[in-house]
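Please look over the sequence and the structure shown below. A short report follows them.

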Amino acid sequence: MTTSRRLIASLRTPLGMLALLACAALLFLVVLGPVIWGTSAAATDTSKIATGASPEHPFGTDGSGRDILLRTLVAARLSVTMALAATAVGVSVGIVVGLLPFILGGRFGQWIVAGINIGVAFPGLLLAISFSVILGQSGLAATLAIAIAMVPSYGRLTHNLGASVWGRDFISAAHVLGVPVWKTVLRHVLPNVRDPLIVNAAVTSGNALVSFAGLSFLGLGIQVPHYDWGRMLSEGMSRIFVNPAAALVPGIAIILAGLTFVLLGEVLGAALGTGTRGSVIAKFRRRQKAREAVLESPASSTLSLSEDAVYSVRNLRVSASGHHGEPNDLVKGVSFDIGRGEIVGIVGESGSGKSLTLMSLAGLIESPLYVSADSAHFDGQDLTIRADGHPARLDRHFGEKLAMVFQDPMASLNPALHVGGQVAETGLLHLGLSRAQARDRAIERLEDVRIPDARRRYGQYPHEFSGGMRQRAMIAAGLMGSPSLILADEPTTALDVTVQAEILTLLRQINADVGTSIVFVSHDIAVVTSLCTRVLVMYRGHLVENISAEALRAGHAEHPYTRALLATVPTMSTPRDVPLPSIPDGTDFLAEADQQEPSDAECAPGPEVSSTTNSVSGTPAASAPIFEEESR
Amino acid sequence: MTGQSPLTVQTAPGQAPPGHAAPTQASALVGHPMTMYLLRRFGYILISLFVLVTISFLLVQLIPGDPARASAGEAAPPEAVEARRVELGLNKPLIIQYLAFWRGLFSGDLGDSISLRIPVIDVITGRAPATLELAFIAVAIALVVAVCLGLMFGALTRSGKRHGTEIGFTSVTAVVAVIPEFLAGIILVYLFAVSFDLLPVAGRTGPASYVLPVIALAIGPTAALTRIVRAESLTVLRQDYIRTARSKRMSSIRLYGKHVLPNLLTSTLTISGLLLGGMIAGTVLVESIFAWPGLGGVIVDSIQGKDYPLIQAIVIFYGLVVLLINLVVDIALILLDPRTTLDAA
């Protein structure tokens, strides 16, 4: 149903068509090649032995005066059927060997797995050569040798896929119901791992074809008077100075046949949804959908910037290219200032654009997303990009003055580098410190954020740190310079409650001691109201409320969405016998706000109204995109 | 920021909250899993060696019919067959033969080659250097080129940029990766010897004679590896710690060289072990094309000549090289990324 539809869909891409065509051509050669050209390919032309191209023989003749092209076409049958036979045997045995450990279980199963792992280490060609010692030199022996050599890698693939299914609930259910293990494996495991096995079988066939040609080329495969592409190759190789086509034509046949199997694998992979990484088909599909993003020129309504703000932006937009080419604004023109020493919270539900806003403040938005704003200033620097691009001093400015803390401390430190080096890096990069100075300052900063035994911890890797310690190390790295702003993107979401409290205390302490401003993005309005001095509420890409935390706590929120959000926070006095309130689905708070008295509209811009949060008025600034991330 | 702290929660190692117990536990036992890992790795090598030697011993035993007759030839008189039986040691009980085989391996006395009439060990020591040179140069070049190219194309085509480049890259590497080493060899011979007489195509004479065999051996695996490296670098570039690094604003050389590369190498090396092993096997084909005086040419002759003592020794030799490469990859992984050992433990 869906699989066959997906198969048809992937066959309708250019690559799918090509795969279909190539397979049809190969099938035609295999079935009918020897029937049509068999006799003429065997005909010897004694007047033309080992000659070059001529009208009768477009690619010349071989040592016995036989036509190279016809022989290549006829050899397709033997080359392809031998490869397919080897694949069929090797894959079937491999699947059985891969599934046996599940059926047998216990020590014997472990031995099989160990055997597979040892076999996989040895390359297939080497195994095939070794086995041809036992089996002798013939086409059949080579086929069998290649099939045997295939078993370990296919067995491992099957076993790994099976192991990923083995732990699932429906397997346990089958165990509980007393289904025999071999039945469970056949009925539940095999169908679930079938698709990747089929895709890999196509790729494996291509490898088998090449290996078979290799064995024949060495003289260990097909023997005279029969011939396949590998045999022709070795015959042509000996006469390459007389007629290169004798070697090149069967060579090209091998490449084309090999590519056919690779293409088949790609198409099957796309259809069965097991696409190998970076599947070309998947890219074609995505390409058909994606169009160049057309960046809308920023809206004209602007306000002058506040002088004493650490960061101020006007009409900030983050856009993505939509499905039909029109830009799709994810952040729809927000304007705000971050004052010195303020802790500003940005709250909103998932997808409200709060994290995107934060990332664009840091200049970390990358294509396919685009940032634009009418104006933006950070700590005295104009962030507008000019025609000559992104000035280097801005990098330094950001490096020194901006600190960032991300959501997941497990992922935001580089696992391959020492923590200390990562903390000290800003010192080396932007503060002109020597390695030793940077190290000393980093250890100082680690002590400041209360990392115990900082000197020893400096040389440790992130995996040796706990989650809370990693987050504090991230903060320490931000403090290497003299940051005027810390951007924190849900810095406590991934942490335990006690560790959360530590991190919040630490941030508050930095704010109190040094006066660093903090922007704190969170979906947790309770945390935000307790930590922050001011709260920005975002809803569907709009800034709907800009209110002091005090006013918020006092219940002075004006926008209906903010009020709905506040109502969801349970308190100690929340009645326990009624369900907790939630944001109602399907309510459009923007429309609701528009219907209310005009005083609300000031904080609640509709699509046409730019957010005018700080009521400063002035002349419109020149509109230009800001800090679109330069392509490094 | 120093001074009195309101922090009340201790996060010394071992006291971390339950959610983060795993890494903390690992740090407390860091020496222990490392030793365990090395021991296990060493045990694995020993078992693989044992299997390798046993299988190469059994190769001769498993030959259908009478190996002595097969070796001496169908038309040989019975006395010649018996003489060959004694020569191969097949007249003794199996277990004695097996033990003698092991003793021979340790003493370096692997018997005489039947076709060449010289000790097998001399054939191996005389020809192995040429094979090893070829293999290791090609492996090194494949790794370096693939990592550089893959990282470069990963950087160029990250987050869906430059569709044209991406499609060009994937198509070209897909085609090149399909070309087996013996075909690459033939095409190179055609281009450099038949069309233009630029480089030597046979034998091992000077530095120039290495060029074509190395390219023939390395080009296919390099293309395949480049694809892997690009896919891996796209994965690494999506990680949060790269965003952290980018937020520090550094040069792209530092970003890619210091922050991306180490993470890329671990995953790439893990995947590429098999590919590199395949290159060792590929030397057999390449050597036969370029008349390279290594063991590759001998193995085919010895199989066709039923020279069993030589075959056994060569199979063990190639197996050893593959095991060695796997070991080197594993050691490189430990040095690059200490987590590997812990994950495996």
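## Confidence

This is a predicted model. Its scores are ipTM 0.77 and pTM 0.75. Chain B has a mean pLDDT of 78, with 87% of its residues at 70 or more.

Of its elements, helix α1 (residues 21–28) of chain B has the lowest mean pLDDT, 44. Helix α6 (residues 120–156) of chain B has the highest, 88. Across residues 1–30 of chain B, pLDDT stays under 50. The model still gives that stretch 40 contacts beyond four places in sequence. Residues 341–345 of chain B also have pLDDT below 50. There the model has 10 contacts beyond near neighbours in sequence. Where pLDDT is low, predicted coordinates should not be read in detail.

## Chain B

Which secondary structure elements does chain B have? It has 14 helices and 0 strands.

Chain B has 345 residues, and 42% of them are buried. Take the contacts in chain B between residues at least 6 apart in sequence: 71% of these join residues at least 24 apart.

## Nonpolar core

The largest nonpolar core holds 250 residues. Within this core, Ala473(A) and Val519(A) have the most contacts. Helix α3 (residues 68–104) of chain A gives the most to the core, 17 residues.

What does Val519(A) touch, leaving aside residues up to four places away in sequence? Its partners are Ile338(A), Val344(A), Ile346(A), Leu358(A), Leu361(A), Leu485(A), Leu487(A) and Ala488(A).

## Helix α5 of chain A

Helix α5 (residues 124–135) of chain A has 12 residues. From first C-alpha to last it reaches 16 Å, close to the 16 Å expected at 1.5 Å a residue.

Is α5(A) mostly covered or mostly exposed? It is mostly covered, with 11 of its 12 residues buried. Among the buried residues are Gly124(A), Phe131(A), Val133(A) and Leu135(A). In an α-helix, residues three or four places apart point the same way. Just after α5(A), Gly136(A) takes a positive phi of about 85°.

## Two loop residues with positive phi

Glu490(A) is not a glycine, yet its phi is positive, near 45°. It lies in the loop between β8 (485–489) and α19 (497–514) of chain A. Is Glu490(A) buried or exposed? Glu490(A) has 20 other C-beta atoms within 10 Å, so it counts as buried; the cut-off for buried is 20 or more.

Ala291(B) also has a positive phi, about 50°, although it is not a glycine. Its place is the loop between α11 (252–289) and α12 (295–304) of chain B. Ala291(B) is partly exposed because 13 other C-beta atoms lie within 10 Å, while a residue with 12 or fewer would count as exposed.

Terms used
Residues are numbered from 1 along each chain as its sequence is written. Chains are lettered from A and ligands numbered from 1 in the order in which they are written. This is a predicted model: local features need pLDDT of at least 70, side-chain atom pairs count only at pLDDT 80 or more; totals for chains, interfaces and linings use all residues. Helices (H or I, at least four residues) and strands (E, at least two) are DSSP runs, numbered from the N terminus. The expected span of a helix is 1.5 Å times one less than its number of residues. pLDDT is the predictor's confidence in each residue, from 0 to 100. Two residues are in contact if their C-beta atoms, placed from the backbone, lie within 7 Å. A nonpolar core is a set of buried Ala, Val, Leu, Ile, Met, Phe, Trp, Tyr and Cys residues joined through C-beta atoms within 7 Å.
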